[in-house]
Structures are given as C-alpha cells and as structure tokens.
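Please keep the sequence and the structure in view while reading.

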Amino acid sequence: SKENPRALTFPTGDPRVLAVWLKGRDLIRYVARGAATFGVVGSDALGECDDDVLELADLGFGRCTLCLAGPKGMRLDELLTTPHLRLATKFSRACAAWLDRMGITAELVPIESSVEIAPRLGLAHAIVDLVQSGDTLRDNDLEVLATIGDVSARLVMNRGAYLTDREALRAIAARIVEACRTSSQTAHLKP
C-alpha cells in the first residue's frame, strides 16, 4: 500500500474482502488450505503443485510460453541426441511430461532462479523456462528450440468454500473476472 510499501494485505472496495499479496505456489497453498478463498496465479504454478484448488477462469493476462531453449546455433535434433542430456528448469513436472510425450530421456536439474546461466556454466545443456519477449534468452546467448506449452493467469478458488457458499462466492468471482476483462478483454469464467 502507499502507507506501507511492505504490507502484504490491502483493502478492496468491498469491506468484506481483503486482498493479500502472495507468490505462485505459496498462493495456491493458502487457497487450497482455506486461508484465502480466491487467488490469481499462473497456470505454470498450478501445473507444478499438488495442492487441490478449483480453477475458475483463464484471466487472459500474463501470457507467455514454456519453452525449451538452448545455446544459439544449436538445433533441436542436435540437442535431443546429446548423451546424458541435462535440462535445467523450475518446471520439472511440465518438462518431464513433455519429455515423456516426445520419448526423450533427460536428467532434470531443478533450479529456482537465473536458469538462463545454467548452459553457460555447464550445469545443463539447455533450459526449460517461461519466455515472454525472449530478451533474457538473447542476453544469455540462448534461443527457443521448442514450445512446450502456453501459460496465463488463472483465477482459482478453495473447493470447500465453493461447495459451502457457491452463489455468493460465484458473484465475487464474476466481479474479479469482470475487472480483469475490463483490463484485458479476454477473461472467461468457466461454467
């Protein structure tokens, strides 16, 4: 907030609703455990966690792609025939599922940040990471070799809350989606 830039809670236009600033997988856990009723989180984070939440809508913003990227000039077929292929990623589940679909065997090297440096330092041959503009890849002499999937912001909700107060919470969800639609013109509430 303007009064306290380190505050993690914020008032909203509805005195019954308090907004909370949480990141990715933590947000999902708060919602799944009922500490928060709603959350807005990337579909990438949803795919990497075990916590069970109800996905209500694709909010249509924060769009990017999960990509396999390797050193400039390397071809995909060349990378995939590398003996003892190592891929650095924060997205182990999505990466493993893609490798399985493609029939490729690789060691996944879990990295939480700065994954783009892994090939240069010899930690991995290539990376799997989110790409929006591609600037960070280019700045680190990497380029996209394959697209694994699309990612966007999603509205999620605690399943138990949905079952106990469906109509009231669905109305709040519709207001959240409408606010996002006003901003992005692409949000859609799932039936």
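A salt bridge is taken here to be a side-chain nitrogen of Lys or Arg within 4 Å of a carboxyl oxygen of Asp or Glu. In this predicted model, such bridges link Glu-55, Asp-58, Arg-63 and Arg-154 in a network. Because Glu-55 lies in strand E4 and Arg-154 in strand E10 (residues 153–157), the pair ties together parts that are 99 residues apart in sequence. Glu-55 counts as partly exposed, at 27% relative accessibility, whereas Arg-154, at 15%, counts as buried.

The whole structure contains eleven salt bridges. Another of them joins the side chains of Asp-51 and Arg-33, at 3.5 Å from N to O. Asp-51 is in the loop between H2 and E4 and Arg-33 in the loop between H1 and E3, so this pair connects parts that are 18 residues apart in sequence. Here Asp-51 is buried, at 15% relative accessibility, while Arg-33 is exposed, at 62%. A further bridge, between Arg-138 and Asp-135, has an N to O distance of 2.5 Å. These two residues are three apart in helix H5 (residues 135–139), a separation of about one helical turn. Arg-138 is partly exposed, with a relative accessible area of 44%, and Asp-135 is partly exposed as well, at 42%.

What does a buried acidic side chain reach when it has no salt bridge? Glu-48, in the loop between H2 and strand E4 (54–58), presents this case: it is buried and has no salt bridge. The nearest side chain of opposite charge, Arg-25, is 4.3 Å away, and a bridge would have to fall within 4 Å. The side chain of Glu-48 instead reaches the backbone nitrogen of Ala-94 at 2.9 Å.

Attention now turns to the largest pocket, which has a volume of about 1400 Å³. Its lining comprises 42 residues, and Val-20, Leu-27, Phe-38, Gly-39 and Val-40 lie nearest the centre. By type, the lining residues divide into 24 nonpolar, eight polar and ten charged. Among the elements that each supply at least two residues are strand E2 (18–20), helix H1 (24–32) and strand E3 (38–42). Helix H7 (166–184) is also one of these elements, and H7 gives the most to the lining, with seven residues.

Finally, the chain as a whole has seven helices and eleven strands. Its C-alpha trace spans about 55 × 35 × 30 Å along the principal axes, and buried residues make up 39% of the 191 residues.

How values were computed. Residues numbered from 1 in each chain as written. Predicted model: local features only at pLDDT ≥ 70, side-chain atom pairs only at ≥ 80, totals over all residues. Heavy atoms only, no water. 1 Å grid on protein atoms, 1.4 Å probe; cavity = no way out; pocket = protein on both sides within 12 Å on 5 of 7 lines; lining within 4 Å. Points joined across faces, edges and corners; volume = space filled by probe spheres on them. Helix = DSSP H or I, 4+ residues; strand = E, 2+ residues; numbered from the N terminus. Nonpolar A, V, L, I, M, F, W, Y, C, P; charged D, E, K, R; others polar. Buried < 20%, exposed > 50% of the residue type's maximum accessible area, 1.4 Å probe, protein only. Lys, Arg positive; Asp, Glu negative; His and termini not counted. Polar contact = N/O pair within 3.5 Å; in protein donor to acceptor, adjacent residues only side chain to side chain.
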